[in-house]
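The following exercises concern a predicted model. Each task is followed by a solution in steps.

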Amino acid sequence: MTTTSTREALMPWDDVLASYDPALGLEVHVELNTASKMFCGCPTEFGAEPNTQVCPTCLGLPGAMPVVNGKAVESAIRIGLALNCEIAEWCRFARKNYFYPDMPKNFQTSQYDEPIAFEGYMDVDVDGETFRVEIERAHMEEDTGKSLHVGGATGRIHGAEYSLVDYNRAGIPLIEIVTKPIRGAGEKAPEIAKAYVAQLRELIVALGVSDARMDQGSIRADVNLSLAPKGTGELGTRTETKNVNSLRSVERAVRYEMQRHGAILSGGSPILQETRHWHEDTGITTSGREKSDAEDYRYFPEPDLVPVAPSRQWVDELRGTLPENPTVKRARLQEAWGFSDLEMRDTVGAGALGLVEETIAAGASPQAARKWWLSELARRANEAGTELAGLGVSPVDVARVQALVDSGAINDKLARQVFDGLLAGEGTPDEVVEGRGLAIVSDEGALSAAVDNAIAANPDVADKIRDGKVAAAGALIGAVMKEMRGQADASRVRELILEKLG
Ligand SMILES: [Zn+2]
């Protein structure tokens, strides 16, 4: 492993496209939302005190016997079916042997040559075009624990004084979804990668099998990329960029690796087959560890677990529980909401589709729902380093804020202060309006007095309006709104000014 973070040479984007064909591969890990772990009864709740959700099985103590979580198998089958996969009639778990300090057994219980689901596809929409991504397999495995490196500036192991290990996550059920090499994407490779992960996440949410939070690591994407000389149909040497944890980063990582590979190949050097680390802050990848195809994990069938043999009847029953196809659903919602392609794409890209849908169901208009989630709330989520769903503002709250605006009780500017209150945990929107005294003043006497004050303080402006220069009223409206701390209806203030000076 190396600590270098020096910028490597990049080939101009257009030059990459002129000389090379990219091949993409995406490996997405989905953490299931089962109540208990994959092979033991330990709880799976996120954010518990370290090492409080562990037992002999997930700590790998001698003699502990694992048992497969039936709910996790059900979720795996439903994911497989939603990805148009075949479901194995009989499959086994396998031991993947390697050492990792946060993996207490020194092997990961995974699936090797007998995945639960295989040979599927997902149709991905990019700019109104459909691109078919073929799925090689979706298999079941368990997560590792988490290392915490303490004392360094970066939180990485280099420069740390010591490291701690939290095994709460060890044994949480994971489904790993692996695509076949995606070829023919050309200049759209970054967008297709992003759209695939976005649509996969949407599907996972619709299935209800994971909370699918990229920021909390419950969906993690590894991006494989290689370049081949244009038109040769070859597959070049690939790099594998690990744990890219936002949709935007998936797109950026593909673009970056394409330009980096291009610079190396055009200089006559070979690509080193290795894992790469993605750096969100600088937008670059750095070298991880060398990885060869011949890497030997000494897989062998897990002797402590019985094979999984889902009956065809069960599989058919599960097929009946699949949600509406997300692509069909998106088209239906776009039509019903009257969104443009761009508005719809932004909504999906922000991970806000479900939130907007629920806000509309709670009574807001489609445009109002979209406006709050994609502007005000997206900005706050960004500032807080979380996703919209993790912000703590509910669709019902947003619909209520909009209802207060529609009724004239508050205006958009005051609504932003209501969101401040909601984020600060000051109660419901109505309680925040009450508690902070945000309601618009409809007392005509108070408004009239404020208008008189503004006129008295700005005699020059008042004279202009008397002379018919109505546009000058803006300055007086501003003065009144300032005095009323924004809590006045601007159009009523304007009327009063013109009445008094007309
Ligand atoms: Zn356990």
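**Exercise 1.** Determine the handedness of the crossing of helix 10 and helix 11, their relative direction and the residues in contact.

*Solution.* Step 1: helix 10 passes helix 11 (residues 412-423) in a crossing that is right-handed. Step 2: the two axes cross at roughly 150° and come within 10 Å. Step 3: angles over 145 degrees count as roughly antiparallel, and helix 10 and helix 11 are therefore roughly antiparallel to each other. Step 4: on the side of helix 10, the contact involves Asp397, Val398, Val401 and Val405, which meet Asp412, Ala415, Val418, Phe419 and Leu422 in helix 11. Step 5: sorted by class, the residues of this contact are 7 nonpolar and 2 charged, with no polar residue.

**Exercise 2.** Describe how helix 8 packs against helix 10.

*Solution.* Step 1: helix 8 (residues 353-361) and helix 10 (residues 395-406) have axes 8 Å apart and pack at an angle of about 50°. Step 2: that angle makes helix 8 oblique to helix 10. Step 3: the crossing in which helix 8 passes helix 10 is right-handed. Step 4: helix 8 contributes Leu355, Glu358 and Thr359, and these meet Pro395, Val398 and Ala399 of helix 10. Step 5: the contact comprises 4 nonpolar residues, 1 polar and 1 charged. Val398 is listed in this contact and also in that of helix 10 with helix 11.

**Exercise 3.** Which protein atoms are the donors of the zinc ion, and what is the geometry of the site?

*Solution.* Step 1: the protein donors are the SG atoms of Cys40, Cys42, Cys55 and Cys58, at 2.3 to 2.4 Å from the zinc ion. Step 2: the angles among the 4 donor atoms are 100 to 114°, and the site is tetrahedral. Step 3: for reference, the ideal angle for four tetrahedral donors is 109.5 degrees. Step 4: along the chain, the donors follow the spacing C-x1-C-x12-C-x2-C. Step 5: Cys42 and Cys55, 13 residues apart, both lie in the loop between strand 1 (20-31) and helix 2 (70-82).

Notes:
Residues numbered from 1 in each chain as written. Predicted model: local features only at pLDDT ≥ 70, side-chain atom pairs only at ≥ 80, totals over all residues. Heavy atoms only, no water. Axes fitted to C-alpha atoms, helices over the stretch in contact; angles between N-to-C directions. Helix = DSSP H or I, 4+ residues; strand = E, 2+ residues; numbered from the N terminus. Parallel < 35°, antiparallel > 145°, perpendicular 65-115°, else oblique. Left-handed = near helix turned anticlockwise from the far one by under 90°. Contact = heavy atoms within 4.5 Å. Nonpolar A, V, L, I, M, F, W, Y, C, P; charged D, E, K, R; others polar. Donors = N, O, S within 2.8 Å, 3.2 Å for Na, K, Ca; no water. Tetrahedral: all angles 85-135°; square planar, octahedral: opposite > 155°, others 65-115°.
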